[in-house]
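Here is a short note for a colleague opening this entry for the first time. Please keep the view open while reading the points.

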Amino acid sequence: MRKTSLLVCLLVSFLFSFSQPSKLPEVDKSPMDVSYYPNNYPILKIQNKATEPLVARILYSRPQKQGRKIFGELVEYGNVWRLGANEATEIEFYKDVKIGGKKVPKGRYTLYAIVSVESMSMLFEKSTTGISLIIAWEQVKVTLPITL
Amino acid sequence: MKKNLLAVLLPVIFFSCKEPEKKPAGNDIPTKTDATVKVLPPVSNYTNPDRSPMDMVYFPTDYPLLKMTGKTTTLPLMRIIYSRPQKQGRQIFGGLVQYDVPWRLGANESTEIEFFSPATVAGKTVKPGRYILYCIPQETKWTFVLNSNLYSWGLEQNRQKDLMQFEVPVEKTSLAIEYFTIACEKKSDKSTALIFLWDDVKAKLPVSF
């Protein structure tokens, strides 16, 4: 009798586990975030305080330091880094811009960086969405000095 | 999106971007500090992590992973960007989210939906492009609205820019869902139901391509 009820219990919990929304996406460890130029553009927009149209938007994910050494270790010097976590970082320009003197036409790009001790090279890959492995066909490469 | 899977696969595929083993409580600020380096707390609006973290939904569901592994070379069919508020013991529908009042389907910015191919949403044809998606919830049905007022904060909707509406019934779930969740329930390679879940309410919006 006990065995039977145990079996029934197991069976019920087995079936139950499948009926639950177990596949619902969890909250990411490295949460996604967005930056705009002009800063806080969406709030300015609904307050009618935006003095110029949206120029740029960046979608990225935010990993945490958690006591680790980041540059030179977790993010190795000389390697391509996705500037965040999860999906590749996306940058969109709503008009043609100049970065470090180089012209970047309006459009959506995947943004990567190659980090070294004194500078960061930013790679703008013409892209749409999602992760793409780096195969060094960057369209625009800009090296920016790191100053603190 | 299947970030769990990503978290498992990425350290293998991607050089050095290991996810931490320990799961922090969502968007909590890390408290552990380096022995030698003083870790600055978030100091401005630019560095504060959001209470309602942003997330992204794709159809096909694992699109970024499919793209990275070379299993697709085309665009996704659809992408949604939204933020995920939490229930935190509150009654959501008919309480925090009032009936008959437009709701941004999330938190912070308006929820954005982008169709990369012509779509059929609840029987109506939608052109490819980027839209704002919000809803007007009622007890037994939700009215979803596509709107063209892109890149706006979600507290106010410009109703002049409404484009289309879709009315769907809602269901009650047996368990309350803590985080507002949007996900795709795949029907076929070209057809899905967008599900919207929060508290004990579930709404389904059928989308096909």
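1. Start with the pairing of S2 and S4 in chain A. In this predicted model, strand S2 (residues 56-61) and strand S4 (residues 89-93) of chain A run antiparallel and share four bridges. Ala56(A) has Phe93(A) as its bridge partner in S4(A). S4(A) also pairs with strand S7 (residues 107-115) of chain A. That pairing is antiparallel too, with five bridges. Here Ile91(A) has Tyr109(A) as its bridge partner in S7(A).

2. Now the whole of chain A. It holds two helices and nine strands. Read from the N terminus, the order is α-β-α-β-β-β-β-β-β-β-β. Chain A has 148 residues, and 25% of them are buried. Of its contacts with a separation of 6 or more, 49% join residues 24 or more positions apart.

3. Look next at two loop residues in chain A. Gly84(A) sits in the loop between strand S3 (80-81) and S4 of chain A. Is Gly84(A) buried or exposed? It is buried, because 21 other C-beta atoms lie within 10 Å and the cut-off is 20 or more. Beyond four places in sequence, Gly84(A) is in contact with Tyr60(A), Ser61(A), Arg62(A), Pro63(A) and Thr89(A). Its C-alpha atom is 9.6 Å from that of Leu59(A), 25 residues apart along the chain. Gln66(A) belongs to the loop between S2 and S3 of chain A. Its phi is positive, about 45°, although Gln66(A) is not a glycine. Gln66(A) is partly exposed, with 18 other C-beta atoms within 10 Å.

4. Check the cis peptide bonds. One runs from Tyr37(A) to Pro38(A), with omega near 0°. Pro38(A) lies in the loop between strand S1 (32-37) and helix H2 (41-46) of chain A. Another cis bond runs from Phe59(B) to Pro60(B), again with omega near 0°. Pro60(B) lies in the loop between strand S1 (54-59) and helix H2 (63-68) of chain B.

5. Turn to chain B as a whole. It has two helices and nine strands. From the N terminus, its elements run α-β-α-β-β-β-β-β-β-β-β. Of its 209 residues, 34% are buried. Among contacts between residues at least 6 apart in sequence, 55% join residues at least 24 apart.

6. Which of its side chains are buried? Thr111(B), Ile113(B) and Phe115(B) are, and they point to one face. Strand S2 (residues 78-83) of chain B pairs with S3(B) in the antiparallel sense over four bridges. Strand S6 (residues 129-137) of chain B also pairs antiparallel with S3(B), over five bridges. Glu112(B) is the bridge partner of Ile81(B), and Glu112(B) stands opposite Ile132(B) in S6(B).

7. The largest nonpolar core has 54 residues. Leu111(A), Val57(B), Met78(B), Ile80(B), Leu133(B) and Ile182(B) touch the most other members. Strand S9 (residues 191-208) of chain B gives the largest share of this core, seven residues. Beyond four places in sequence, the contacts of Met78(B) include Phe59(B), Ile113(B), Phe115(B) and Val207(B).

8. The loop between S2 and S3 of chain B contains Asp100(B) and Pro102(B). Asp100(B) has a positive phi near 70°, though it is a residue other than glycine. Asp100(B) is exposed, with 9 other C-beta atoms within 10 Å. Pro102(B) is partly exposed, with 19 other C-beta atoms within 10 Å. Leaving aside residues up to four places away, Pro102(B) touches Tyr134(B), Ile136(B) and Gln157(B).

9. Finally, confidence. The model scores ipTM 0.77 and pTM 0.78. Chain B averages a pLDDT of 84, and 78% of the residues score at least 70. Residues 5-35 of chain B stay under 50. For that stretch the model has 43 contacts beyond four places in sequence.

Note on methods: Residues numbered from 1 in each chain as written. Chains lettered and ligands numbered in written order. Predicted model: local features only at pLDDT ≥ 70, side-chain atom pairs only at ≥ 80, totals over all residues. Buried ≥ 20, exposed ≤ 12 C-beta atoms within 10 Å, placed from the backbone. Pairing = 2+ DSSP bridges. Contact = placed C-beta atoms within 7 Å. Core = buried A, V, L, I, M, F, W, Y, C linked by C-beta atoms within 7 Å. pLDDT = per-residue confidence, 0-100.
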